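Q: Could we go through this model together? I would like to begin with the domains and then turn to the chains.

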Amino acid sequence: MAIEKHDTPMIDQLEDGPWPSFISGIKRMRDQHPDQRINAMANDLLGQLEHSYETRKGYWKGGTVSVYGYGGGIIPRFSEVGKQFPASKEFHTLRVQPPAGNMYSTEMLRQLADSWEKHGSGMVTFHGQTGNIMFIGTDTPGTQHFFDEVNDYGFDLGGAGPCVRTAMCCVGAARCEQSNCNEQSIMRHLVNNFTDDVHRPALPYKFKFKVSGCPNDCVNAIERADMAVIGTWRDDMKIDQDEVKAFVEKKGRKYVIDNVVSRCPTNCMSLNDDDTLDVDNRNCVRCMHCLNVMNKALSPGDDKGVTILIGGKRTLKIGDLMGTVVVPFMKMDTSEDYERIVEIAEETIDFFAENALEHERTGEMIERIGLVNFLEGIGIEVDPNMVSSPRQVSYVRMDDWDEEAAKWFNRQGEEAAAG
Amino acid sequence: MAQQHRTPIESGCPDGFQYMHPVMRKNYGQWKYHEHTRPGVLMHAAHSGDQVWTVKAGTQRILDVYSLRKLCEIGETFGDGYVRFTLRSNIEYMVTDEAKVQPLIDALENAGFVVGGTGNSVAMISHTQGWLHCDIPGTDASGVVKAMMDELIDEFKNHNMPNRVHLTTSCCQINCGGQGDIAINVQHTKPPKIRHDLVANVCERPSVVARCPVAAIRPALVNGKPSLEVDEKKCICCGACFPPCPPMQINDPEHTKLAIWVGGNHSNARSKPSFQKLVAAGIPNNPPRWPEATAIVKNILKAYKEDARDWERINDWIDRIGWPRFFEMTGLPFTKFHIDNWRGARERLNASTHIRF
């Protein structure tokens with residue numbers, strides 16, 4: 001039986017133009033799909049969206065939907081105008097954790113597509129801003145059926161609500177010469193240690209892990225992860241002087257001076273008279289700019305590891321915050337290293353769970369209690385790499401200065417002894 | 001007897017290796033350099049001598065299964081059957097035979113997808129759901145993005161910018177779209193209209209009071225019923241009370257506007273990561289194609305393209321030329337609203353005689 005199609009004059013205008021149109025895609029589901037359930041759902045979804053465009057308001061409200069055994073992972077959506085658009089009155093999204101690095105075989109994508117059109121709307125996004133596959137649109141029984149099916153072949157729900165969220169890492173070692181760590185492995189060690197905290201929201205608010213393989217930070221970890229792990233190195237960058245000469249030959253000295261040497265934030269580069277490059281590695285801050293410009297000639301060093309920053313987040317509630325350096329450098333080579341990074345995450349999340357106010361992110365908690373209290377809580381010593389400058393105001397009580405200074409010298413002695 | 005439920009397998013994040021191109025598996029952590037062979041295509045070379053070409057294409061992001069299967073079919077017929085998705089929802093096909101690159105590009109373009117988004121292009125706009133699915137949106141991100149990418153398609157398909165440009169858009173002031181070189185975000189301009197008859201049943205009032213960033217909300221009895229009231233002089237119209245309490249109606253067909261922010265940059269390259277800064281507001285939320293917002297974005301891109309030096313991102317460019325010149329070059333008005341009064345605001349004031357004339 002043919003459905004009565006809603007008139008959609010406003011959103012029809014989003015079918016014009018050269019960029020692929022999501023409206024045309026939803027119309028294909030309405031007009032071409034063999035399943036009448038999907039035709040009706042797409043039709044009513046388009047009808048409600050047109051209603052939003054006409055009135056400039058949204059008409060979805062949240063609720064409580066979950067699969068058996070879990071408390072989160074579904075974004076429930078019930079329509080406020082469901083009487084007019086009954087076939088899409090329940091339109092829940094399942095957040096599903098993608099494979100690390102967002103890698104897929106087309107075979108696996110087809111399997112996911114088959115499952116989703118059986119139980120849902122057939123509309124999906126790779127990926128949401130946190131990093132989940134967003135399977136958009138099904139009713140309450142559909143969420144359980146779809147989850148049961150994909151869970152059997154290796155996929156699991158992500159986080160939603162005040163919990164550990166789905167993590168994200170860059171393409172990294174899989175296809176990038178600037179990778180300084182095994183991003184996929186670090187990310188999976190971290191997030192998969194907290195599956196209970198992903199599936200059963202019980203934290204003050206959300207907690208996100210993101211892993212970037214170098215300071216270009218392609219997954220925006222510093223700006224939006226509670227715990228950002230960024231690959232870096234601490235020995236000298238590698239220079240292939242023949243490639244430097246070839247680059248100068250090709251682009252010219254002026255280009256190299258203007259775009260490489262003078263763009264170095266710490267002025268640590270110098271172009272020699274023979275068109276080779278000198279680098280003051282002690283003052284290199286691993287910003288990546290010169291490696292980005294001359295990626296054939298310059299490469300990260302061999303002594304690789306990661307920097308950890310804690311407390312990045314978006315606007316709610318006190319404004320956007322960047323992460324702060326908490327671990328300036330740690331190696332990520334052995335199983336002990338992996339155990340240690342997971343331990344740092346556990347200490348952080350335990351402290352967050354006990355000390356943050358309701359709906360307060362880690363960064364906001366640190367802002368409220370001060371970095372030093374947080375560091376003491378997770379058992380990490382202070383380090384001058386954690387600050388952009390020392391304190392500027394003298395109004396502080398320092399009567400145990402001698403003890404604190406002794407700790408510094410003791411630590412330095414221990415590090416020297418350890419070699 | 002109670003119904004038996006299936007127990008979930010708490011497997012978490014799947015291993016990416018099982019779906020990874022074999023040449024990427026083989027050379028994992030052993031890559032040497034990359035080249036931009038043409039817009040939309042990257043070539044990565046490994047120390048082993050292996051090479052892999054990546055073809056990147058923009059999509060509509062919200063994929064129907066027909067589009068998804070089309071993308072799979074292209075990958076199977078013209079690629080090696082392995083793909084990945086980028087942070088900005090582009091699809092990437094990896095192939096080890098350079099001869100496959102052009103047929104793959106042709107197949108994608110013939111099917112209506114847009115090859116590009118690499119190097120110094122305007123990348124796909126990262127965005128969220130909007131009216132299609134979100135419970136608190138002031139606009140429809142997908143529509144804004146579709147309308148804007150129609151106009152920026154040449155910048156997506158070419159390397160014509162001084163450096164890459166990341167655009168983002170968000171449908172509320174929580175800013176899920178994130179930081180961008182240019183961000184197009186909802187900005188509310190009036191306090192919430194409270195449906196007092198619903199508050200007591202729907203909202204946990206202490207949580208709503210706690211959610212307000214400026215402590216402008218307090219419990220009150222209205223018409224004999226427990227409700228909330230807003231000190232409208234203190235209210236900053238941010239909409240933070242709306243998600244925990246839908247009767248605090250913040251979205252308004254007329255007074256919910258768009259604002260544009262520039263200079264957000266997540267990379268550590270050259271300068272430290274930076275947050276975006278307000279440049280334009282009061283822009284009408286004008287579906288279905290939001291022409292006013294697109295015009296301002298294009299205007300900013302034009303000034304950046306003409307004046308920035310090679311490798312300067314938008315924040316680097318403005319750091320060099322200064323904010324007065326930015327407003328002069330774009331013709332955007334500078335108002336009292338551009339002067340920050342949030343916490344830490346004095347750090348954004350000029351405490352020097354560094355002034356360009």
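**Domains, interface and a covered helix**

A: This is a predicted model. In it, the centres of domain 2 of chain A and domain 3 of chain A, taken over C-alpha atoms, are separated by 31 Å.

Q: How many residues does the contact take from domain 2 of chain A and from domain 3 of chain A?

A: Domain 2 of chain A contributes eight residues to the contact, and domain 3 of chain A contributes six residues.

Q: Where do the domains of chain A run?

A: The domain assignment places domain 1 at 1-160, domain 2 at 168-234 + 306-387 + 398-418, and domain 3 at 238-299.

Q: What area is buried between domain 2 of chain A and domain 3 of chain A?

A: About 700 Å² is buried between them, with carbon and sulfur atoms giving 52% of that area. On the side of domain 2 of chain A, Q178(A), N216(A) and W233(A) supply 66% of the area buried against domain 3 of chain A, more than any other three residues.

Q: How many salt bridges and how many polar contacts are there between domain 2 of chain A and domain 3 of chain A?

A: The count of salt bridges between these two domains is zero. There are five residue pairs in polar contact, both residues at pLDDT 80 or more. The residues of domain 2 of chain A that touch domain 3 of chain A comprise three nonpolar, three polar and two charged.

Q: Turning to chain B, how many helices and strands are there?

A: Chain B has nine helices and 15 strands. The C-alpha trace of chain B spans about 85 × 75 × 35 Å along its principal axes.

Q: What percentage of the residues in chain B is buried?

A: Of the 357 residues in chain B, 57% are buried. As for contacts in chain B between residues at least 6 apart in sequence, 63% of them join residues at least 24 apart.

Q: How many residues are in contact between chain A and chain B?

A: The contact involves 121 residues of chain A and 113 residues of chain B. The area buried between the two chains is about 10500 Å², and carbon and sulfur atoms give 56% of it. W19(A), R56(A) and R175(A) supply 10% of the area that chain A buries against chain B, more than any other three residues.

Q: What is the count of salt bridges between chain A and chain B?

A: There are 12 salt bridges between chain A and chain B. The side chains of E312(B) and R263(A) form a salt bridge, at 3.7 Å from N to O.

Q: Which helix of chain A gives the most to the side that touches chain B?

A: That is helix α4 (residues 106-119) of chain A, with eight residues. By class, the side of chain A that touches chain B holds 52 nonpolar, 40 polar and 29 charged residues.

Q: Is helix α2 of chain A mostly covered or mostly uncovered?

A: Helix α2 (residues 22-31) of chain A is mostly covered, with eight of its 10 residues buried. Among them are F22(A), I26(A), K27(A) and R30(A).

Q: What do the buried residues of α2(A) pack against?

A: Within chain A, they pack against α1 (9-12), α3 (36-55) and β6 (123-126). In chain B, their partners are β4 (62-64), α2 (65-77) and α4 (141-157).

Q: Which residue caps the N-terminal end of α2(A)?

A: S21(A) caps that end, with a side-chain oxygen 3.2 Å from the backbone nitrogen of I23(A).

Methods. Residues are numbered from 1 along each chain as its sequence is written. Chains are lettered from A and ligands numbered from 1 in the order in which they are written. This is a predicted model: local features need pLDDT of at least 70, side-chain atom pairs count only at pLDDT 80 or more; totals for chains, interfaces and linings use all residues. Side-chain values use heavy atoms; hydrogens and water are left out. Domain bounds come from an automatic or database domain assignment. Contact means heavy atoms within 4.5 Å. Buried area is the accessible area (1.4 Å probe) that two parts lose on being put together, summed over both. A salt bridge is a side-chain nitrogen of Lys or Arg within 4 Å of a carboxyl oxygen of Asp or Glu. A polar contact is a pair of N or O atoms within 3.5 Å; within protein, one must be able to donate a hydrogen and the other to accept it, and residues adjacent in sequence count only if both atoms are side-chain atoms. Ala, Val, Leu, Ile, Met, Phe, Trp, Tyr, Cys and Pro count as nonpolar, Asp, Glu, Lys and Arg as charged, and the others, Gly among them, as polar. Helices (H or I, at least four residues) and strands (E, at least two) are DSSP runs, numbered from the N terminus. Buried means under 20% relative accessible area, exposed over 50%, partly exposed in between (1.4 Å probe, protein chains only).
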